[in-house]
Amino acid sequence: MSAAMDTESTYSGYSHYSGHSKKAHRQGSRDRHKSPRSKDGSRSEKSVTIQTPPAEPLLGNDASRAEEGQDDNWGETTTAITGTSEHSISQEDIARISKDLEDSIGLDCKRYLGLTVAAVLGLLVFLTPIAFILLPQILWREDLEPCGTVCEGLFISVAFKLLILLIGTWALFFRQPKADLPRVFVFRALLLVLIFLFVFSYWLFYGVRILDSKDTNYQGIVQYAVSLVDALLFIHYLAIVLLELRQLQPTFTVKVVRSTDGESRYYSLGHLSIQRAALVVLENYYRDFTVYNPALLTASKSRAAKHMAGLKVYNVDGPGNNASGQSRAMIAAAARRRDSSHNELYYEEADHERRVKKRRARLVVAVEEAFTHIKRLQAEEQQKAPGEMMDPREAAQAIFPSMARALQKYLRTTRQQQYHSMESILQHLSFCITNNMTPKAFLERYLNPGPTLQYDRDRWFSKQWTLISEEAVTSGLQDGVVFVLKCLDFSLVVNVKKIPFIKLSEEFIDPKSHKFVLRLQSETSV
Amino acid sequence: TAAPRAWPPRRPWLRAGLGQLLARTDTEQRIEIHKLRQGDNLILGFSIGGGIDQDPTQNPFSEDKTDKGIYVTRVTQGGPAEVAGLQIGDKIMQVNGWDMTMVTHDQARKRLTKRNEEVVRLLVTRQSLQKAVQQSMMS
């Protein structure tokens with residue numbers, strides 16, 4: 001693994017590439033490899049490839065290389081390239097591939113195991129009362145005391161209660177699992193254990209007292225079955241309260257901060273375990289947070305690099321790597337140096353603002369003008385001019401060229417260009433035309449970065465999450481708990497605070513007590 | 001109008017600069033105004049504000065916003081009050097011996113505009129006076 005760690009340190013620079021060029025890298029290097037690249041990259045070892053001689057530039061024309069690779073004498077002129085070359089996949093890409101692979105296999109077994117156990121138990125529980133009633137009839141029918149109306153009434157009540165139980169269980173439990181959590185739900189497990197013990201004890205009693213002794217009091221047996229069904233309904237009520245109702249009342253306020261750009265949100269939660277709170281936070285993350293855009297982070301990184309780039313430390317007093325002394329010296333020197341990077345930042349940001357506003361103005365004007373060329377045909381008019389009619393897609397394609405350039409420039413300035421392909425823009429345009437949207441409604445999607453859900457899944461950068469917590473993830477939320485939800489590129493730091501105890505007192509104001517006086521300041525001339 | 005009588009004699013430093021006022025020890029000033037006859041009325045040439053029935057917080061001239069005394073809010077140019085040395089912002093403490101610190105606005109007006117009086121003698125205090133004396137006492 002140490003060799004792999006080496007490559008990781010070499011790649012510290014490359015992992016800061018924007019997603020766009022990294023993808024180009026990956027695709028380029030994939031084109032070059034002759035062997036079919038299946039997703040077997042789950043082995044996180046270095047990839048050794050055999051290629052034509054590497055005399056190309058770094059961000060080279062990857063597409064053209066694919067054809068050049070068909071060299072006849074590649075056997076003689078090959079070079080073995082290890083993981084330290086620019087053309088193989090970086091460590092991060094391998095990690096990403098392996099995680100994508102784990103997505104589809106592995107943890108499903110645990111989920112299905114839980115589901116099957118619950119289903120079997122449920123079926124057993126459902127059939128138990130019926131078995132209680134039927135077994136005496138089957139086994140010792142002749143000995144049973146006849147019980148007429150009372151038993152029939154009880155049969156009806158058992159039937160309806162079972163029906164209600166069935167509908168209730170279907171409503172509460174038969175749902176698509178929407179998430180895969182690291183640990184078992186404590187309450188669900190407790191409930192299953194409780195049900196199992198309960199039914200087991202009933203069967204035990206039944207087996208010992210009724211089956212063995214062949215009790216003839218059929219009414220008593222039926223009433224026993226009815227009591228079982230009643231108790232099951234109460235357990236169902238308990239399940240609702242424990243699993244659904246208890247966490248509805250908000251008790252905690254949770255602050256979620258994204259580590260890369262500091263965007264933060266607050267949410268209200270009830271009594272939940274840490275893993276369920278993490279689930280709620282993630283569900284809201286996809287809706288509330290703007291999409292993670294690595295292109296926006298390059299500016300601050302280059303500034304950070306410039307801060308430390310200007311200073312070099314030379315050890316004059318002799319050998320010996322006094323690392324802490326060096327860093328302290330650098331910090332002191334950086335503090336003393338009068339650098340004007342704040343000035344640069346201010347002017348750069350002001351300039352960027354102006355440029356964005358200008359491009360935005362051009363874009364809005366272009367789109368408004370483009371939309372004026374389209375008019376919707378009413379039903380009567382549709383018969384009159386059949387020749388020129390266009391469906392929404394064609395209409396979109398017709399007006400798109402006039403606004404394409406302005407839109408492209410705006411997206412480039414705000415660094416959103418990789419989130420919108422031409423196809424997606426055309427689709428959105430035809431969608432807007434179909435639904436009679438104004439130019440402003442069409443542009444709403446492009447002017448500001450939207451939540452992650454709005455974009456294509458490939459661009460999300462955030463599909464596989466890890467919950468990092470100092471407390472056990474099944475323990476409940478407490479005041480001051482901090483946990484981190486980490487994905488490959490960034491993490492969400494979650495801070496839990498308790499909603500304070502609110503002391504509310506009342507005060508009665510008599511409606512007749514609202515009285516007023518005039519406050520004068522008159523001036524008299526004498 | 002009659003020639004001004006001396007009661008006490010008109011001190012020359014009534015209109016003097018601040019420097020000479022530093023010689024005084026009390027913060028009050030006596031001003032004698034001779035009313036001017038205009039038609040049927042005798043006017044003094046200034047306006048008053050304040051009074052115990054008024055809102056003291058709206059008084060722009062008072063230092064303490066709970067002071068309900070009578071203040072001079074305007075002095076007409078060239079009128080008898082200006083000639084006598086009354087300034088805008090002065091607080092009137094006495095008029096002809098009658099106290100003006102605890103009167104209503106209307107009572108103050110009546111005391112100043114008595115028909116048979118031609119001369120009113122005011123005891124006023126002024127913030128600039130008070131500050132000047134305080135400064136001279138401290139230095």
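Helices (H or I, at least four residues) and strands (E, at least two) are DSSP runs, numbered from the N terminus. With that in hand, welcome to the structure. This is a predicted model, in which local features need pLDDT of at least 70 and side-chain atom pairs count only at pLDDT 80 or more, while totals for chains, interfaces and linings use all residues. Residues are numbered from 1 along each chain as its sequence is written, chains are lettered from A and ligands numbered from 1 in the order in which they are written, and side-chain values use heavy atoms, with hydrogens and water left out.

## Chain A in outline

Chain A has 16 helices and eight strands. Of its 526 residues, 31% count as buried; here buried means under 20% relative accessible area, exposed means over 50%, and partly exposed lies in between (1.4 Å probe, protein chains only). A contact is a case of heavy atoms within 4.5 Å. Among contacts in chain A between residues at least 6 apart in sequence, 75% join residues at least 24 apart.

## The nonpolar cores

A nonpolar core is a set of buried Ala, Val, Leu, Ile, Met, Phe, Trp, Tyr and Cys residues joined through side-chain atoms within 4.5 Å. The largest one holds 31 residues, and those touching the most other members are A:Val256, A:Tyr285, A:Trp465, A:Leu477, A:Phe483, A:Leu485 and A:Leu492. Two or more residues each come from β3 (252-258), β4 (264-269), α9 (274-288), β6 (482-486) and β7 (491-498) of chain A. Helix α9(A) supplies the largest share of this core, with seven residues.

Setting aside neighbours within four places in sequence, A:Tyr285 is in contact with A:Arg258, A:Tyr267, A:Tyr292, A:Thr452, A:Ser462, A:Trp465, A:Phe490 and A:Leu492. Another core, of 29 residues, lies apart from the largest one and includes A:Leu144, A:Val158, A:Val199 and A:Val229.

## Salt bridges

Side chains of opposite charge can pair when their charged atoms come close. A salt bridge is counted when a side-chain nitrogen of Lys or Arg is within 4 Å of a carboxyl oxygen of Asp or Glu. The whole structure has 15 of them over all chains.

| Pair | Closest N and O atoms |
|---|---|
| A:Arg355 and A:Asp351 | 3.8 Å |
| B:Arg74 and A:Glu523 | 3.4 Å |

A:Arg355 and A:Asp351 are separated by about one helical turn, because they are four residues apart in helix α12 (residues 341-372) of chain A. A:Arg355 counts as partly exposed at 41% relative accessibility, and A:Asp351 is also partly exposed, at 32%.

The pair of A:Arg393 and A:Glu423 links distant parts of the chain: A:Arg393 belongs to helix α14 (residues 392-413) and A:Glu423 to helix α15 (residues 422-434) of chain A, 30 residues apart. A:Arg393 has a relative accessible area of 29% and is partly exposed; A:Glu423, at 40%, is partly exposed too.

In the loop between α14 and α15 of chain A sits A:Arg415, a partly exposed residue with a relative accessible area of 31%. Beyond its neighbours within four places in sequence, A:Arg415 is in contact with A:Asn293, A:Ala295 and A:Leu296.

## Where the two chains meet

How many residues of chain B are in contact with chain A? There are 19, and they are in contact with eight residues of chain A. Between them the chains bury about 1,200 Å², 44% of it on carbon and sulfur atoms; buried area is the accessible area (1.4 Å probe) that two parts lose on being put together, summed over both.

One salt bridge is counted between chain B and chain A. B:Arg74 is partly exposed, with a relative accessible area of 47%, and A:Glu523 is partly exposed at 42%.

On the side of chain B that touches chain A, β4 (46-50), β5 (70-75) and α3 (105-112) of chain B each give two or more residues. Strand β4(B) gives the most, with five residues.
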